[in-house]
Amino acid sequence: MGDQQKLQFLDLVAQYRTIKPEVDAAIEKVVSSGGFILGRTVEEFEAGVAAYVGVRHAVGVNSGTDALYLALKAAGVRAGDEVITTPFTFIATAEVVTWVPATPVFVDICPDTLNIDPARIEAAITKKTRAIMPVHIYGQAADMDEIMAIAKRHDLAVIEDCAQSLGAAYRGRQTGSIGRIAGLSFYPSKNLGAYGDGGMILTDDDAAARECRMLRQHGSEKTYHHVKIGVNSRLDALQAAVLAVKLKYLDRWNRSRREKAAHYDARFAGVGDIVTPEVRGYNDMIYHQYTLRTARRDAMVEHLRQHQVPCAVHYPIPLHLQPAFESLGKRQGSFPVAEDAASRVFSLPIYPEITGEQQDRVADAVAGFFK
Ligand SMILES: Cc1ncc(COP(=O)(O)O)c(C=O)c1O
(Lines give C-alpha, C1' and ligand atoms only; values in the text may rest on other atoms or scores of the structure.)
Protein backbone atom coordinates (compact mmCIF):
# COMPACT_ATOMS: atom_id res chain seq x y z
CA MET A 1 0.00 0.00 0.00
CA GLY A 2 3.06 2.24 0.00
CA ASP A 3 2.36 5.57 1.67
CA GLN A 4 -1.40 5.22 1.35
CA GLN A 5 -3.21 5.85 4.61
CA LYS A 6 -4.32 2.75 6.45
CA LEU A 7 -8.01 1.99 5.92
CA GLN A 8 -10.22 2.00 8.99
CA PHE A 9 -13.56 0.34 9.58
CA LEU A 10 -14.83 3.54 11.15
CA ASP A 11 -12.95 6.83 11.62
CA LEU A 12 -14.52 8.73 14.51
CA VAL A 13 -11.60 11.13 14.71
CA ALA A 14 -12.23 12.23 11.12
CA GLN A 15 -15.77 13.11 12.13
CA TYR A 16 -14.63 14.94 15.26
CA ARG A 17 -12.29 17.11 13.15
CA THR A 18 -15.26 18.39 11.13
CA ILE A 19 -17.14 19.63 14.22
CA LYS A 20 -14.33 20.17 16.72
CA PRO A 21 -14.95 23.84 17.62
CA GLU A 22 -18.66 23.26 18.29
CA VAL A 23 -18.11 20.05 20.26
CA ASP A 24 -15.28 21.53 22.33
CA ALA A 25 -17.41 24.56 23.19
CA ALA A 26 -20.37 22.35 24.17
CA ILE A 27 -18.17 20.22 26.45
CA GLU A 28 -16.60 23.30 28.01
CA LYS A 29 -20.03 24.76 28.71
CA VAL A 30 -21.13 21.67 30.65
CA VAL A 31 -17.88 21.37 32.57
CA SER A 32 -17.92 25.00 33.63
CA SER A 33 -21.61 24.80 34.60
CA GLY A 34 -20.88 22.01 37.09
CA GLY A 35 -24.14 20.23 36.16
CA PHE A 36 -23.36 16.68 35.04
CA ILE A 37 -26.45 14.57 35.82
CA LEU A 38 -29.68 15.23 33.87
CA GLY A 39 -30.67 18.92 34.01
CA ARG A 40 -31.15 21.40 31.17
CA THR A 41 -28.57 20.00 28.75
CA VAL A 42 -30.18 16.57 28.83
CA GLU A 43 -33.71 17.99 28.68
CA GLU A 44 -32.88 20.10 25.64
CA PHE A 45 -31.33 17.15 23.85
CA GLU A 46 -34.33 14.96 24.73
CA ALA A 47 -36.64 17.59 23.23
CA GLY A 48 -34.43 17.77 20.15
CA VAL A 49 -34.61 14.03 19.49
CA ALA A 50 -38.36 13.91 20.23
CA ALA A 51 -38.92 16.65 17.64
CA TYR A 52 -36.59 14.97 15.15
CA VAL A 53 -38.41 11.62 15.33
CA GLY A 54 -41.83 13.16 15.85
CA VAL A 55 -42.80 11.71 19.23
CA ARG A 56 -44.05 13.39 22.41
CA HIS A 57 -41.45 12.02 24.81
CA ALA A 58 -37.76 11.16 24.83
CA VAL A 59 -36.02 9.85 27.94
CA GLY A 60 -32.22 9.81 27.98
CA VAL A 61 -30.59 6.77 29.57
CA ASN A 62 -27.20 5.13 29.94
CA SER A 63 -27.25 2.89 26.87
CA GLY A 64 -29.40 1.39 24.16
CA THR A 65 -29.52 -1.78 26.21
CA ASP A 66 -31.02 0.06 29.19
CA ALA A 67 -33.43 1.90 26.87
CA LEU A 68 -34.82 -1.42 25.63
CA TYR A 69 -34.98 -2.90 29.14
CA LEU A 70 -36.89 0.08 30.55
CA ALA A 71 -39.12 0.14 27.47
CA LEU A 72 -40.10 -3.49 28.16
CA LYS A 73 -40.90 -2.64 31.77
CA ALA A 74 -42.90 0.42 30.80
CA ALA A 75 -44.78 -1.58 28.15
CA GLY A 76 -46.03 -3.88 30.90
CA VAL A 77 -43.86 -6.93 30.18
CA ARG A 78 -43.74 -8.93 33.41
CA ALA A 79 -42.01 -12.03 34.78
CA GLY A 80 -43.04 -15.12 32.85
CA ASP A 81 -44.23 -13.24 29.74
CA GLU A 82 -42.94 -13.94 26.24
CA VAL A 83 -41.54 -11.36 23.83
CA ILE A 84 -41.29 -12.15 20.13
CA THR A 85 -38.14 -10.92 18.42
CA THR A 86 -35.55 -11.72 15.76
CA PRO A 87 -32.58 -14.05 16.27
CA PHE A 88 -30.55 -11.96 13.80
CA THR A 89 -29.50 -9.00 15.93
CA PHE A 90 -27.04 -7.88 18.57
CA ILE A 91 -27.53 -9.83 21.80
CA ALA A 92 -28.84 -6.82 23.76
CA THR A 93 -32.24 -7.07 22.04
CA ALA A 94 -33.02 -10.45 23.59
CA GLU A 95 -30.76 -10.15 26.63
CA VAL A 96 -32.96 -7.44 28.15
CA VAL A 97 -36.02 -9.68 27.82
CA THR A 98 -34.37 -12.15 30.16
CA TRP A 99 -33.69 -9.38 32.71
CA VAL A 100 -37.44 -8.83 33.25
CA PRO A 101 -37.33 -11.94 33.59
CA ALA A 102 -39.35 -12.82 30.49
CA THR A 103 -38.60 -15.23 27.65
CA PRO A 104 -37.44 -14.22 24.18
CA VAL A 105 -39.27 -16.14 21.45
CA PHE A 106 -37.42 -16.00 18.16
CA VAL A 107 -39.03 -15.82 14.74
CA ASP A 108 -37.07 -16.23 11.51
CA ILE A 109 -36.23 -13.31 9.24
CA CYS A 110 -36.98 -12.12 5.69
CA PRO A 111 -34.29 -13.24 3.22
CA ASP A 112 -33.97 -9.76 1.64
CA THR A 113 -33.97 -7.23 4.51
CA LEU A 114 -32.85 -9.71 7.21
CA ASN A 115 -35.53 -8.20 9.47
CA ILE A 116 -38.12 -10.25 11.40
CA ASP A 117 -40.55 -11.96 9.00
CA PRO A 118 -44.09 -10.85 9.91
CA ALA A 119 -45.58 -13.85 8.10
CA ARG A 120 -44.08 -16.09 10.81
CA ILE A 121 -45.05 -14.05 13.88
CA GLU A 122 -48.60 -15.27 14.48
CA ALA A 123 -47.52 -18.91 14.70
CA ALA A 124 -45.24 -17.93 17.60
CA ILE A 125 -47.92 -16.16 19.65
CA THR A 126 -49.05 -17.94 22.82
CA LYS A 127 -51.15 -16.98 25.84
CA LYS A 128 -47.95 -15.64 27.42
CA THR A 129 -46.96 -13.31 24.57
CA ARG A 130 -46.95 -9.70 25.72
CA ALA A 131 -44.89 -7.82 23.13
CA ILE A 132 -43.17 -7.90 19.75
CA MET A 133 -39.72 -6.36 19.47
CA PRO A 134 -38.70 -5.74 15.84
CA VAL A 135 -35.15 -4.59 15.12
CA HIS A 136 -34.48 -2.28 12.16
CA ILE A 137 -31.28 -4.07 11.28
CA TYR A 138 -28.40 -2.17 9.63
CA GLY A 139 -30.67 0.91 9.47
CA GLN A 140 -33.52 -0.50 7.36
CA ALA A 141 -37.02 -0.59 8.83
CA ALA A 142 -38.81 -3.87 9.53
CA ASP A 143 -42.32 -4.42 8.04
CA MET A 144 -44.05 -2.17 10.52
CA ASP A 145 -47.56 -2.14 8.97
CA GLU A 146 -47.81 -5.93 9.19
CA ILE A 147 -46.25 -6.02 12.65
CA MET A 148 -48.59 -3.33 13.98
CA ALA A 149 -51.62 -5.12 12.50
CA ILE A 150 -50.64 -8.39 14.22
CA ALA A 151 -50.01 -6.55 17.50
CA LYS A 152 -53.42 -4.93 17.29
CA ARG A 153 -55.21 -8.23 16.59
CA HIS A 154 -53.55 -9.88 19.60
CA ASP A 155 -53.34 -6.86 21.91
CA LEU A 156 -49.52 -6.84 22.08
CA ALA A 157 -47.14 -3.95 22.64
CA VAL A 158 -44.62 -3.19 19.89
CA ILE A 159 -41.20 -2.06 21.08
CA GLU A 160 -38.94 -0.91 18.26
CA ASP A 161 -35.23 -1.58 18.59
CA CYS A 162 -33.96 1.54 16.81
CA ALA A 163 -30.36 1.16 17.98
CA GLN A 164 -29.24 1.10 14.34
CA SER A 165 -31.98 3.16 12.71
CA LEU A 166 -32.19 6.77 13.93
CA GLY A 167 -33.24 8.76 10.86
CA ALA A 168 -34.46 5.75 8.87
CA ALA A 169 -38.03 5.90 7.61
CA TYR A 170 -40.72 3.34 6.80
CA ARG A 171 -43.26 4.52 4.23
CA GLY A 172 -42.35 8.09 5.13
CA ARG A 173 -42.61 7.55 8.90
CA GLN A 174 -39.57 7.74 11.14
CA THR A 175 -38.59 4.51 12.84
CA GLY A 176 -39.13 5.00 16.55
CA SER A 177 -42.47 6.73 16.02
CA ILE A 178 -44.50 3.69 14.91
CA GLY A 179 -44.60 1.22 17.83
CA ARG A 180 -45.68 1.99 21.40
CA ILE A 181 -42.12 2.55 22.63
CA ALA A 182 -38.69 2.58 21.00
CA GLY A 183 -35.10 2.35 22.18
CA LEU A 184 -32.16 4.23 20.66
CA SER A 185 -28.44 3.62 21.17
CA PHE A 186 -25.80 6.33 21.08
CA TYR A 187 -22.92 3.85 21.23
CA PRO A 188 -19.99 5.69 19.58
CA SER A 189 -20.19 3.75 16.30
CA LYS A 190 -23.88 4.48 15.77
CA ASN A 191 -24.98 7.03 13.12
CA LEU A 192 -25.56 9.41 16.04
CA GLY A 193 -22.80 8.34 18.39
CA ALA A 194 -21.78 9.70 21.80
CA TYR A 195 -18.26 9.87 23.20
CA GLY A 196 -19.12 6.98 25.48
CA ASP A 197 -22.31 5.06 26.19
CA GLY A 198 -25.78 6.54 25.87
CA GLY A 199 -29.32 5.65 24.89
CA MET A 200 -32.86 6.98 24.74
CA ILE A 201 -36.45 5.82 25.04
CA LEU A 202 -39.02 7.31 22.66
CA THR A 203 -42.79 7.17 23.05
CA ASP A 204 -46.07 9.02 22.55
CA ASP A 205 -47.47 7.29 25.63
CA ASP A 206 -47.48 9.72 28.57
CA ALA A 207 -47.70 7.00 31.22
CA ALA A 208 -44.87 4.96 29.68
CA ALA A 209 -42.64 8.03 29.49
CA ARG A 210 -43.31 8.86 33.12
CA GLU A 211 -42.58 5.28 34.14
CA CYS A 212 -39.25 5.34 32.27
CA ARG A 213 -38.26 8.65 33.84
CA MET A 214 -38.98 7.20 37.25
CA LEU A 215 -37.24 3.86 36.63
CA ARG A 216 -34.05 5.42 35.25
CA GLN A 217 -33.70 7.34 38.54
CA HIS A 218 -33.99 4.52 41.13
CA GLY A 219 -37.78 4.43 40.85
CA SER A 220 -38.19 7.95 42.17
CA GLU A 221 -39.86 11.14 41.00
CA LYS A 222 -39.00 13.04 44.17
CA THR A 223 -35.52 12.84 45.67
CA TYR A 224 -35.21 10.02 48.23
CA HIS A 225 -38.85 8.94 47.71
CA HIS A 226 -38.87 5.61 45.86
CA VAL A 227 -42.11 4.30 44.42
CA LYS A 228 -40.61 1.31 42.61
CA ILE A 229 -37.34 -0.56 42.35
CA GLY A 230 -35.58 1.08 39.44
CA VAL A 231 -32.05 1.43 38.11
CA ASN A 232 -29.39 4.09 37.78
CA SER A 233 -29.49 4.81 34.09
CA ARG A 234 -29.23 8.47 33.14
CA LEU A 235 -27.80 10.05 30.04
CA ASP A 236 -24.76 12.13 31.05
CA ALA A 237 -25.03 15.86 30.44
CA LEU A 238 -21.63 15.74 28.72
CA GLN A 239 -22.88 13.11 26.28
CA ALA A 240 -26.11 15.04 25.73
CA ALA A 241 -24.10 18.17 24.91
CA VAL A 242 -21.98 16.33 22.34
CA LEU A 243 -25.00 14.56 20.87
CA ALA A 244 -26.96 17.81 20.57
CA VAL A 245 -24.21 19.22 18.37
CA LYS A 246 -24.12 16.05 16.27
CA LEU A 247 -27.91 15.79 15.89
CA LYS A 248 -27.82 18.88 13.65
CA TYR A 249 -25.62 16.97 11.20
CA LEU A 250 -27.40 13.63 11.31
CA ASP A 251 -29.48 14.07 8.16
CA ARG A 252 -26.44 15.26 6.22
CA TRP A 253 -24.38 12.33 7.50
CA ASN A 254 -27.13 9.83 6.70
CA ARG A 255 -27.40 11.27 3.17
CA SER A 256 -23.68 10.89 2.81
CA ARG A 257 -23.86 7.25 3.93
CA ARG A 258 -26.52 6.65 1.25
CA GLU A 259 -24.23 8.12 -1.40
CA LYS A 260 -21.35 5.95 -0.23
CA ALA A 261 -23.65 2.91 -0.33
CA ALA A 262 -24.68 3.74 -3.90
CA HIS A 263 -21.02 3.94 -4.87
CA TYR A 264 -20.35 0.49 -3.38
CA ASP A 265 -23.53 -0.91 -4.99
CA ALA A 266 -22.28 0.22 -8.41
CA ARG A 267 -18.86 -1.29 -7.78
CA PHE A 268 -20.29 -4.67 -6.72
CA ALA A 269 -22.85 -5.16 -9.50
CA GLY A 270 -22.05 -8.53 -11.11
CA VAL A 271 -18.98 -9.16 -8.93
CA GLY A 272 -18.71 -12.87 -8.06
CA ASP A 273 -21.70 -14.08 -6.07
CA ILE A 274 -21.90 -10.84 -4.07
CA VAL A 275 -25.38 -9.83 -2.89
CA THR A 276 -25.54 -6.11 -2.11
CA PRO A 277 -27.91 -4.73 0.57
CA GLU A 278 -31.52 -5.21 -0.55
CA VAL A 279 -33.58 -2.16 0.33
CA ARG A 280 -37.35 -2.19 -0.16
CA GLY A 281 -38.66 0.66 -2.31
CA TYR A 282 -40.68 2.23 0.51
CA ASN A 283 -37.79 2.12 2.99
CA ASP A 284 -35.46 5.02 3.56
CA MET A 285 -32.35 3.22 4.82
CA ILE A 286 -29.57 4.97 6.70
CA TYR A 287 -26.84 2.35 6.21
CA HIS A 288 -25.68 1.99 9.77
CA GLN A 289 -23.85 -0.93 8.20
CA TYR A 290 -23.14 -1.73 4.58
CA THR A 291 -23.46 -5.49 4.64
CA LEU A 292 -22.82 -7.81 1.70
CA ARG A 293 -23.37 -11.54 1.36
CA THR A 294 -21.22 -14.20 -0.26
CA ALA A 295 -21.22 -17.99 0.03
CA ARG A 296 -17.47 -17.96 0.80
CA ARG A 297 -17.66 -15.39 3.57
CA ASP A 298 -14.93 -16.73 5.85
CA ALA A 299 -12.45 -16.94 2.97
CA MET A 300 -13.47 -13.42 1.92
CA VAL A 301 -12.86 -12.05 5.43
CA GLU A 302 -9.44 -13.71 5.48
CA HIS A 303 -8.64 -12.31 2.03
CA LEU A 304 -9.58 -8.79 3.14
CA ARG A 305 -7.55 -9.15 6.31
CA GLN A 306 -4.51 -10.12 4.25
CA HIS A 307 -5.01 -7.02 2.12
CA GLN A 308 -5.32 -4.77 5.21
CA VAL A 309 -8.96 -4.00 4.41
CA PRO A 310 -10.99 -3.82 7.62
CA CYS A 311 -14.34 -5.58 7.69
CA ALA A 312 -16.70 -6.97 10.31
CA VAL A 313 -19.33 -9.67 10.60
CA HIS A 314 -22.72 -8.56 11.90
CA TYR A 315 -23.47 -11.18 13.17
CA PRO A 316 -21.65 -14.51 12.92
CA ILE A 317 -23.93 -16.49 15.27
CA PRO A 318 -27.70 -16.01 15.43
CA LEU A 319 -28.93 -15.58 18.98
CA HIS A 320 -30.66 -18.98 19.23
CA LEU A 321 -27.27 -20.66 18.69
CA GLN A 322 -25.45 -18.56 21.29
CA PRO A 323 -24.51 -20.57 24.40
CA ALA A 324 -26.13 -17.81 26.48
CA PHE A 325 -29.51 -18.83 25.06
CA GLU A 326 -28.97 -22.57 25.20
CA SER A 327 -31.79 -22.94 27.71
CA LEU A 328 -34.31 -21.87 25.06
CA GLY A 329 -33.76 -25.29 23.48
CA LYS A 330 -33.27 -24.17 19.88
CA ARG A 331 -30.69 -25.74 17.58
CA GLN A 332 -29.12 -25.54 14.13
CA GLY A 333 -32.01 -25.64 11.69
CA SER A 334 -34.49 -23.84 13.95
CA PHE A 335 -34.25 -20.56 11.98
CA PRO A 336 -32.67 -21.39 8.62
CA VAL A 337 -32.91 -17.93 7.06
CA ALA A 338 -31.11 -16.32 10.00
CA GLU A 339 -28.53 -19.13 10.03
CA ASP A 340 -27.87 -18.71 6.32
CA ALA A 341 -27.47 -14.95 6.72
CA ALA A 342 -25.09 -15.41 9.65
CA SER A 343 -22.89 -17.64 7.49
CA ARG A 344 -22.75 -15.22 4.54
CA VAL A 345 -22.77 -11.60 5.79
CA PHE A 346 -19.82 -9.27 6.05
CA SER A 347 -19.79 -5.49 6.49
CA LEU A 348 -17.48 -2.97 4.82
CA PRO A 349 -16.35 0.43 6.08
CA ILE A 350 -19.08 3.02 5.64
CA TYR A 351 -19.14 6.43 7.30
CA PRO A 352 -19.75 9.98 6.09
CA GLU A 353 -16.06 10.89 5.88
CA ILE A 354 -14.81 7.88 3.90
CA THR A 355 -13.48 9.04 0.54
CA GLY A 356 -14.27 7.62 -2.88
CA GLU A 357 -10.63 6.61 -3.19
CA GLN A 358 -10.77 4.70 0.09
CA GLN A 359 -14.01 3.01 -0.98
CA ASP A 360 -12.40 2.02 -4.27
CA ARG A 361 -9.50 0.40 -2.42
CA VAL A 362 -12.03 -1.58 -0.39
CA ALA A 363 -14.03 -2.51 -3.50
CA ASP A 364 -10.90 -3.51 -5.43
CA ALA A 365 -9.93 -5.88 -2.65
CA VAL A 366 -13.41 -7.46 -2.58
CA ALA A 367 -13.42 -7.85 -6.38
CA GLY A 368 -9.85 -9.21 -6.25
CA PHE A 369 -11.12 -12.14 -4.19
CA PHE A 370 -13.00 -13.48 -7.21
CA LYS A 371 -10.09 -13.13 -9.66
C1 LIG B 1 -29.70 -3.86 17.42
C2 LIG B 1 -29.09 -3.37 18.69
N3 LIG B 1 -29.81 -3.40 19.83
C4 LIG B 1 -29.31 -2.95 20.98
C5 LIG B 1 -28.04 -2.42 21.08
C6 LIG B 1 -27.54 -2.00 22.41
O7 LIG B 1 -27.13 -0.67 22.47
P8 LIG B 1 -25.97 -0.21 23.51
O9 LIG B 1 -24.68 -0.74 23.00
O10 LIG B 1 -26.06 1.28 23.44
O11 LIG B 1 -26.34 -0.74 24.84
C12 LIG B 1 -27.26 -2.36 19.90
C13 LIG B 1 -25.90 -1.80 19.85
O14 LIG B 1 -25.01 -1.81 20.48
C15 LIG B 1 -27.79 -2.85 18.70
O16 LIG B 1 -27.07 -2.82 17.57
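Student: How many bridges join strand β2 to strand β4, and do the two run parallel or antiparallel?

Tutor: Good place to start! Strands of a sheet pair through backbone hydrogen bonds, either parallel or antiparallel. In this predicted model, β2 (residues 82-85) and β4 (residues 129-133) run parallel, and four bridges join them. To see one of these pairings, find Val 83, whose bridge partner in β4 is Ala 131.

Student: In what order do the strands of the sheet stand?

Tutor: Follow β1-β9-β8-β5-β4-β2-β3: seven strands in an open sheet with mixed pairing. At the edges you find β1 (57-61) and β3 (103-106). Each has a single partner strand, so one side of each is left without a neighbour in the sheet. From one strand to the next, the twist averages 25°.

Student: Which strands does helix α2 touch?

Tutor: Helix α2 (residues 40-53) packs on the sheet against β1 and β9 (199-203). The direction of α2 makes about 130° with that of β1. Now look at helix α6 (residues 206-215), which also packs on the sheet and touches β1, β8 (181-185) and β9. The direction of α6 makes about 15° with that of β1.

Student: Which residues come nearest to the ligand?

Tutor: There are 15 residues around the ligand, and the nearest are Ser 63, Gly 64, Thr 65, Ala 163 and Ser 185. Two elements, α3 (64-74) and α4 (92-99), each give two or more residues to this shell.

Student: How many residues of the shell are nonpolar, polar or charged?

Tutor: Sorted by class, the shell around the ligand holds eight polar, five nonpolar and two charged residues.

Terms used. Residues numbered from 1 in each chain as written. Predicted model: local features only at pLDDT ≥ 70, side-chain atom pairs only at ≥ 80, totals over all residues. Pairing = 2+ DSSP bridges. Axes fitted to C-alpha atoms, helices over the stretch in contact; angles between N-to-C directions. Contact = placed C-beta atoms within 7 Å. Near = placed C-beta within 6 Å. Nonpolar A, V, L, I, M, F, W, Y, C, P; charged D, E, K, R; others polar.
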